[in-house]
Amino acid sequence: MAKLAICGGEPLVKEPLGVSWPIYGEEERQALLEVLDSGKWWFGGWGWDYTHESYWQSKVGQFERAFADFQGAKYGVAVCNGTVAIEAALKAVGVEAGDEVILPAATFIASATAILQVNAIPIFVDIDPRNYTIDPKAVEAAITPRTRAVLPVDVGGMPCDMDALNEIAEKHGIYIVSDCAHSHGSQWKGKGTGAVSHMGTFSFQMGKTLTCGEGGMILTNDDELYEKAFAYHHIGRLPGRGFYEHYLPGTNLRMTEWQAAIGLAQLKRFPEQIQIRERNSNYLIELLKDIEGVEPIYRDLRVTRWCFYYWHFKFIADRWDGVSRDKFLEALSAEGIPCWTGHIEPLYRMPLFTEASFGRTGCPLKCPLYGKEMDYTKLYLPVIERVAKEEACALPHYLFLGPSSDMEKIAEAILKIWKNREELRER
Ligand SMILES: Cc1ncc(COP(=O)(O)O)c(C=O)c1O
């Protein structure tokens with residue numbers, strides 16, 4: 001009689017664990033009606049001077065201020081999604097055609113496409129095997145005279161080693177634009193992500209831990225970078241100047257009042273959700289500690305708060321008597337636990353990079369200002385290749401918003417597979 005669900009046995013979990021995401025209610029409904037009835041559906045409806053107090057009465061203005069405060073940054077610029085937030089931040093730090101921007105190979109495609117959109121060359125580097133974030137040593141080794149910025153990604157919500165990265169940036173005179181699309185609420189040495197580098201960018205797309213359906217935000221503590229990001233997202237207008245005065249090249253990336261209204265309502269729910277996730281995460285770590293086949297992701301002591309988007313853990317391949325990580329993930333899903341690898345895949349293997357169909361001119365990969373041609377087909381970064389193939393596992397954040405008994409079910413399912421690994425191997 002088969003024990004594992006994947007082999008025909010009974011699944012351990014029959015009802016979905018965690019919560020249905022997103023969580024919303026009367027607050028969100030009221031917030032949307034308030035915008036509707038106000039007749040002001042975009043932030044500009046309050047006048048044209050963004051330094052004026054009326055700007056801060058708009059939902060967008062309030063959301064910018066509230067989220068920047070929450071993360072501990074001086075400024076926020078709300079935009080329509082997390083991809084263009086990166087683009088605006090790269091523009092603000094002066095990334096131009098033919099520049100190189102260093103990023104980790106393990107991230108979602110948007111980190112790389114934003115670099116391409118500003119005509120720069122993505123330079124992929126390897127990750128730290130302990131927590132899958134960008135390896136600062138690999139960053140330093142990749143710096144060339146063409147490097148303008150580094151785009152570290154808090155993958156799964158885990159802050160990167162910001163001490164090392166900021167030190168490298170200062171030494172080489174380059175910028176750090178952190179992609180914090182997964183790390184709302186996370187803290188490095190007591191300071192929120194996005195506020196511990198030159199600029200940080202966030203996504204509020206519906207799956208994220210803080211969401212308004214679609215949306216994004218750029219954070220910075222720097223007055224000049226704020227003005228530049230603001231101008232880029234608002235077709236070249238500068239804060240405090242005339243509405244029909246345009247100073248810099250830019251586009252329209254503005255967030256709507258609808259998005260900001262939802263963002264504000266969701267932000268009120270966020271602190272409690274952080275606490276529940278943290279409590280459940282600590283409990284799961286405790287429950288898994290005696291199962292030899294898996295290990296939680298490494299957390300640096302300087303990560304004073306880890307608000308995860310994916311709860312990464314490691315499948316320790318050589319302890320599983322020949323069972324592969326992929327088989328394990330399949331078996332865990334069959335037991336009723338949604339799981340996958342997160343964004344731990346070598347991004348440079350995407351057809352976008354291997355086929356490199358970049359239109360008539362081939363720019364930016366063949367940009368004459370770059371002076372050479374980028375070819376990603378020969379790239380092989382050993383850590384990401386290994387962990388992507390045999391180690392990385394991820395559980396989604398919404399699983400951690402239910403009762404603590406859900407953690408017991410997750411641990412029980414993993415233990416069940418561990419104990420029946422022979423059955424799984426023979427399958
Ligand atoms: C690491 C990372 N960066 C950027 C983005 C882009 O965000 P958006 O979907 O809001 O454009 C995402 C989206 O999932 C992401 O995972």
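Why does Gln 187 count as buried? In this predicted model, Gln 187 has a relative accessibility of 19%, and because buried means under 20% relative accessible area, Gln 187 is placed in that class. The residue belongs to strand β6, which covers residues 187-188. Apart from neighbours within four places in sequence, Gln 187 is in contact with Pro 159 and Gly 192, and also with Arg 302, Val 303, Thr 304 and Arg 305.

**Two further buried residues**

Pro 122, in strand β3 (residues 121-125), is buried with a relative accessible area of 0%. Its contacts, again leaving aside neighbours within four places in sequence, are Val 101, Leu 103, Ala 112, Ile 115, Leu 116, Phe 353, Leu 365, Met 374 and Tyr 376. The C-alpha atom of Pro 122 is separated by 41 Å from that of Asp 290, which is 168 residues apart from it along the chain.

Ala 68 is part of helix α2 and is likewise buried, its relative accessible area being 2%. When residues up to four places away in sequence are not counted, Ala 68 touches Phe 63, Ala 73, Tyr 75, Gly 76 and Leu 219. Between the C-alpha atoms of Ala 68 and Ala 78, which are ten residues apart along the chain, the separation is 10.0 Å.

Two packed helices are described by the angle between their axes and the distance between the axes.

| Helix pair | Angle between axes | Distance between axes |
|---|---|---|
| α2 (residues 59-71) and α8 | about 25° | 8 Å |
| α1 (residues 26-38) and α8 | roughly 150° | within 9 Å |

Because angles under 35 degrees count as roughly parallel, α2 and α8 are described as roughly parallel to each other, and α2 passes α8 in a left-handed crossing. On the α2 side the contact is made by Lys 59, Val 60, Gln 62, Phe 63, Ala 66, Phe 67 and Phe 70, while α8 contributes Glu 257, Ala 260, Ala 261, Gly 263, Leu 264, Leu 267, Phe 270, Pro 271 and Ile 274. Sorted by class, the residues of the contact of α2 with α8 comprise twelve nonpolar, two polar and two charged.

For α1 and α8, the cut-off is that angles over 145 degrees count as roughly antiparallel, and this pair is therefore roughly antiparallel, with a right-handed crossing. Here Glu 27, Glu 28, Ala 31, Leu 32, Val 35 and Leu 36 of α1 meet Glu 257, Trp 258, Ala 261, Ile 262, Ala 265, Gln 266 and Arg 269 of α8. The contact of α1 with α8 divides into eight nonpolar, one polar and four charged residues.

Helix α12 (residues 404-419) has 16 residues and reaches 23 Å from its first C-alpha to its last, which is close to the 22 Å expected at 1.5 Å a residue. Its buried residues are Asp 406, Met 407, Ile 410, Ala 411, Ala 413, Ile 414, Lys 416, Ile 417 and Trp 418. The elements that cover them include the helices α8 (257-288), α9 (325-334) and α13 (421-426), together with the strands β10 (294-296), β12 (310-315) and β13 (392-396).

In helix α11 (residues 382-390), the residues Val 383, Ile 384, Glu 385, Val 387 and Ala 388 are buried, and what covers the buried residues of α11 includes α9 and β13.

Key:
Residues are numbered from 1 along each chain as its sequence is written. This is a predicted model: local features need pLDDT of at least 70, side-chain atom pairs count only at pLDDT 80 or more; totals for chains, interfaces and linings use all residues. Side-chain values use heavy atoms; hydrogens and water are left out. Helices (H or I, at least four residues) and strands (E, at least two) are DSSP runs, numbered from the N terminus. Buried means under 20% relative accessible area, exposed over 50%, partly exposed in between (1.4 Å probe, protein chains only). Contact means heavy atoms within 4.5 Å. The expected span of a helix is 1.5 Å times one less than its number of residues. Axes are lines fitted to C-alpha atoms, for helices over the stretch in contact, and angles run from 0 to 180 degrees between N-to-C directions. Angles under 35 degrees count as roughly parallel, over 145 as roughly antiparallel, 65 to 115 as roughly perpendicular and the rest as oblique. A crossing is left-handed if the near helix is turned anticlockwise from the far one by less than a right angle, and right-handed if clockwise. Ala, Val, Leu, Ile, Met, Phe, Trp, Tyr, Cys and Pro count as nonpolar, Asp, Glu, Lys and Arg as charged, and the others, Gly among them, as polar.
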